[in-house]
Amino acid sequence: MPLDLLATPADELAAAAARHFGSDKGSGLAAAIFRRAMLRGEFAPEALGASPATALAWRELAELQLPQVVGEQQEATAHGAVHKRLLALRDGRRIESVSLPMGRGRRSLCLSTQVGCARACTFCETGRLGLLRNLDAGEILAQVTLQCREQRPDSLVFMGMGEPLDNLPGLLPALALLVDRRGLGYAQERLTVCTVGHVPGLHALRELGWKRLGIALSLNSADPAVRAALMPHSVRYSLAAIQRALIDYRQRANLAIGLHWCLLPGINDGAAEARALAAFAAPLGRTFVHVIPYNPGSAPIARAPEEAEIVAFVARLRELGLAVRRRQTKGRTVMAACGQLGGPPVSAS
Ligand code: SF4
């Protein structure tokens with residue numbers, strides 16, 4: 001079976017080429033083929049100087065499998081358009097990725113790691129799908145490559161469909177490929193993995209020894225009963241165990257561990273919730289709380305918070321000494337905002 005160019009590390013490709021061609025001739029072209037596949041989503045050995053016979057031999061050795069873009073929607077914002085892509089994978093399953101404008105021309109790409117998700121968080125459309133399957137490393141990379149054809153994302157966040165740490169066999173090789181300077185060459189700090197608190201997965205990331213890889217916890221409540229109601233399939237690890245894993249994850253003092261808080265009016269926006277959040281954050285060292293106003297999907301569990309409620313909760317957290325960023329809602333009209341991926345399609349506005 002041909003090698004998947006978006007899932008094969010550069011060294012492995014070079015070694016396979018050397019074997020296939022029986023000389024270093026193949027491995028010389030391998031570096032250029034690897035780079036072009038990653039950055040441009042192209043596999044054209046002839047364009048890199050290969051003879052027709054060599055190009056044919058390369059096509060026996062490797063293939064480029066890009067998902068098909070079967071839908072695109074955009075929402076205009078003050079900083080540029082939110083751009084959601086619906087991608088059909090080779091088995092017909094569909095995922096979504098979202099390119100977000102971050103100001104000053106920068107873009108962040110929100111990546112999916114699974115088709116659906118087993119975690120069934122009650123505030124999330126993807127969770128309603130259940131887990132259909134994991135993405136492999138090439139399918140994760142392909143989302144970046146497709147975006148690179150328009151504009152290379154400045155940062156990548158694993159916050160799309162799926163719990164990334166439920167798919168370590170796809171995630172870990174994808175991370176290694178993303179930081180490889182012979183290809184996409186992302187700095188570790190440009191990548192953020194967001195998890196519901198998968199403790200062994202956090203340990204696996206710790207074992208990479210990457211001091212700058214961003215990590216965020218989808219916390220949403222520091223009250224165990226409320227969190228269990230909101231995230232019923234994420235109760236296996238206690239908040240204390242998750243807290244311990246995050247403390248262990250830290251490999252440099254100034255890493256800001258993200259704490260994500262989907263703000264649900266009447267559920268987790270009270271004074272007691274804010275105090276519990278502060279108590280949870282206290283032993284973690286430097287943290288940054290991201291308050292994400294709830295985006296009601298097809299089966300809302302609450303209404304969207306009003307502006308005054310968001311401002312009040314953020315102020316409450318700041319009074320408790322927390323560093324807080326209020327996430328601007330982007331993409332809600334095209335079901336591209338946090339918690340809306342995998343939901344029913346809507347007409348583009
Ligand atoms: S919020 Fe994340 S972990 Fe929870 S169901 Fe949605 S995709 Fe899965």
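The C-alpha centres of domain 1 and domain 2 lie 34 Å apart in this predicted model. The domain assignment of the protein places domain 1 at residues 3–63 and domain 2 at residues 68–334.

**Contact between the domains**
- Domain 1 supplies 12 residues to the contact, and domain 2 supplies 16 residues.
- On the side of domain 1 that touches domain 2, helix H2 (residues 24–40) gives the most, with 6 residues.
- The residues on that side of domain 1 divide into 8 nonpolar, 1 polar and 3 charged.

**Ligand surroundings**
- Cysteines around the ligand include Cys117, Cys121 and Cys124.
- Arg119, Ala120, Thr126 and Gly127 also surround the ligand, as do Met161, Gly162 and Glu163.
- Val196 and Ser218 are likewise among the residues around the ligand.
- By class, this shell holds 6 nonpolar, 4 polar and 2 charged residues.

**Helix H6**
- Helix H6 spans residues 199–208, and its residues Gly201, Leu202 and Leu205 are buried.
- Viewed down the axis of H6, the buried residues fall within an arc of 100°, so they line one face of the helix.
- Pro200 and Glu207 are exposed and sit on the face of H6 turned away from its buried side.
- Just after H6, glycine 209 takes a positive phi of about 75°.

Notes: Residues numbered from 1 in each chain as written. Predicted model: local features only at pLDDT ≥ 70, side-chain atom pairs only at ≥ 80, totals over all residues. Buried ≥ 20, exposed ≤ 12 C-beta atoms within 10 Å, placed from the backbone. Helix = DSSP H or I, 4+ residues; strand = E, 2+ residues; numbered from the N terminus. Arc of directions from axis to C-beta. Near = placed C-beta within 6 Å. Nonpolar A, V, L, I, M, F, W, Y, C, P; charged D, E, K, R; others polar. Domains from an automatic or database assignment. Contact = placed C-beta atoms within 7 Å.
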